[in-house]
Amino acid sequence: MDSAVISLLGAFLLSIIGLFVFIWSLRKGLLVENPTAASVIFARGEVGRVDDPALREEGQRELQQAAHPEPLPHTDPTDLQARVVADQSTAFPVFMFAAFACFWLLLGSMAGLTASIKLHAPDWLVQQPWLTFGRIRTVHLQAVLYGWITNAAIGMILWLLPRLLRTHLHGAVWTLLGGALINTGIAAGVGAIAAGWSDGMEYLEIPWQVGLFIVAGFVMIILPVLYTLVNRKTEHLYVSAWYMVAGLLWITLLYLVAKLPGVHTGVQQATMNWWFGHNVLGLWFTPVSVGAIYYFLPKIIGRPVRSYNLSILGFWTLAFFYGQVGGHHLIGGPVPGWLITLSIVQSLMMVIPVIAFTINMGLTLQGRMHLGRWSPTLRFMMFGGLMYMASSLQGSMEALRSVNAVAHFTHYTVGHAHLGAYGFVSMVLFGAIYFMMPRVLNWEWPFPKLITVHFWLSAIGIGIYFTSLTIGGWMQGTAMLDPARAFMESVTLTIPYLQWRSIGGGLLVLSHLVFVGHFMAMALRFGPMRTGAALFGARHHLEPVYGK
């Protein structure tokens, strides 16, 4: 039995186990609507209070007035103090991961813009081998997926879990070691790819010898996370913790299996490659980002999630259906027909967790969508949630053979990938960082208007990027399918759309310069000071009223 079939059977068995756990939870009544579970992210007396640390006091008052002008009871100082303790224990690891994420974001987006320009100006920057399209595009991919998104996601997980579990982070030093190993692996991998040493598989280009550092780093982070989970001080495990702990376990297993040397060869290697390639989005980036929205969005507007059952349904259906989705990238390839059909069916079934999430967030935001005018963090979360729905539904349709026949091997799929990885995942992570850092650094964002500038540059940039590649890619696909048209016609007709892609990419790079510059200004202690769990501040200044 070959390795690809073993991997697929393993994922299938995990889905079956998950199904039985789901049935068991129904029998135990764990999915009976539970308002208490939905409110576990709030301190006593906190429901109704808005919270966006990206705003200063005046902005917080305006947001509160717009959301809930009536007087509210006082919050419980004991609950708030537990939150301060949690923030203290995670401050330095979270800052480290956020700083690494900012570095890789700039490097990766610069490399991406360079690769984008080369598509319509192929003779630009060809003097050095590492600047050729094949290498610089792959550098962009590794730096953004593993450098930016993975570092930002881990930082958010480490900050959020102790808050949800109402305890401090156990073994924080191990997370620092894990972060050092992961970023050492990313740096070595990017350098190896630039020098021409690559494993040559999509999303798995980093040589397996270097990938060992990344796997070891994930293990170093998982151990303290699980130990913190075991020693939690809350009775109920909020759904965000489900998503984030599962995501950490999934990505470690996925990367380990995909990087096993000498095991995957030939057609089985291609099957494994897309099993990993799609799952790195669906079982790592997606659960972490969805879990973040389930925390930050209700927290900002001061209202518990409308249906806790829908949030649990979304988690389990994501776990059930996503494992085999990647096979639709191999339509037309020399792989078994049942594998392709299974992948298409599971891709379409993914509408269930997406619709469950969309309905839940829509009902939770009902009557409070206007708060996005005041809250910059809410703006990022709302945009990310909307793009999750759009990119997921588009992906399900793209898996159909009739759509795939046109879209496959075109720029259309590149636009779709960026809608998910940037419009959804990155925008959620931006919002999370804007929420977390004032609590981590004991310092306000010094120039709040830059947050708005960053949002609109990113939103307009990804809008131009996605629209141009969607239209140009579809036209490219129809031209390639027309036997009466020369192949070069399908290439030349994409040039204007690729130029628009570079314009959109340029706006994204500009937005990243604004974001990272603002982050550095905050880290260097510009602007007014606020009380709270500080990274560099004196501990005796902490106040229990901090950290709504």
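The largest cavity is lined by Val40, Ile41, Phe42, Ala43, Asp79, Ala82, Arg83, Pro162, Arg163, Leu164, Arg166 and Tyr295. A cavity is here a set of points, on a 1 Å grid over the protein atoms alone, where a 1.4 Å probe fits but cannot get out, and lining residues have an atom within 4 Å of a point. The model is predicted, so that local features need pLDDT of at least 70 and side-chain atom pairs count only at pLDDT 80 or more, while totals for chains, interfaces and linings use all residues. Residues are numbered from 1 along each chain as its sequence is written, and side-chain values use heavy atoms, with hydrogens and water left out.

The volume of the largest cavity is about 110 Å³, a volume being the space filled by probe spheres set on grid points that are joined across faces, edges and corners. The whole structure contains 4 cavities of 30 Å³ or more. The lining of the largest cavity comprises 8 nonpolar, no polar and 4 charged residues; Ala, Val, Leu, Ile, Met, Phe, Trp, Tyr, Cys and Pro count as nonpolar, Asp, Glu, Lys and Arg as charged, and the others, Gly among them, as polar. At least two lining residues come from each of α4 (77-120) and α5 (133-165). Helices are DSSP runs (H or I, at least four residues) numbered from the N terminus.

Helix α5 also approaches α9, their axes coming within 11 Å and crossing at roughly 40°. Axes are lines fitted to C-alpha atoms over the stretch in contact, and angles run from 0 to 180 degrees between N-to-C directions. The pair α5 and α9 is therefore oblique, given that angles under 35 degrees count as roughly parallel, over 145 as roughly antiparallel, 65 to 115 as roughly perpendicular and the rest as oblique. Helix α9 (residues 266-301) in turn crosses helix α13 (residues 376-398) at roughly 140°, with the axes within 10 Å, and these two helices are therefore oblique as well.

Helix α16 (residues 448-481) packs against helix α18 (residues 495-523) at an angle of about 160°, the axes lying 8 Å apart. The two helices are therefore roughly antiparallel. The contact of α16 with α18 involves 20 nonpolar, 9 polar and 1 charged residues. After α18 comes Arg525, with a positive phi near 75°.

Definitions and conventions
On a 1 Å grid over the protein atoms alone, a cavity is a set of points where a 1.4 Å probe fits but cannot get out, and a pocket is an open set with protein on both sides within 12 Å along at least five of seven lines; lining residues have an atom within 4 Å of a point.
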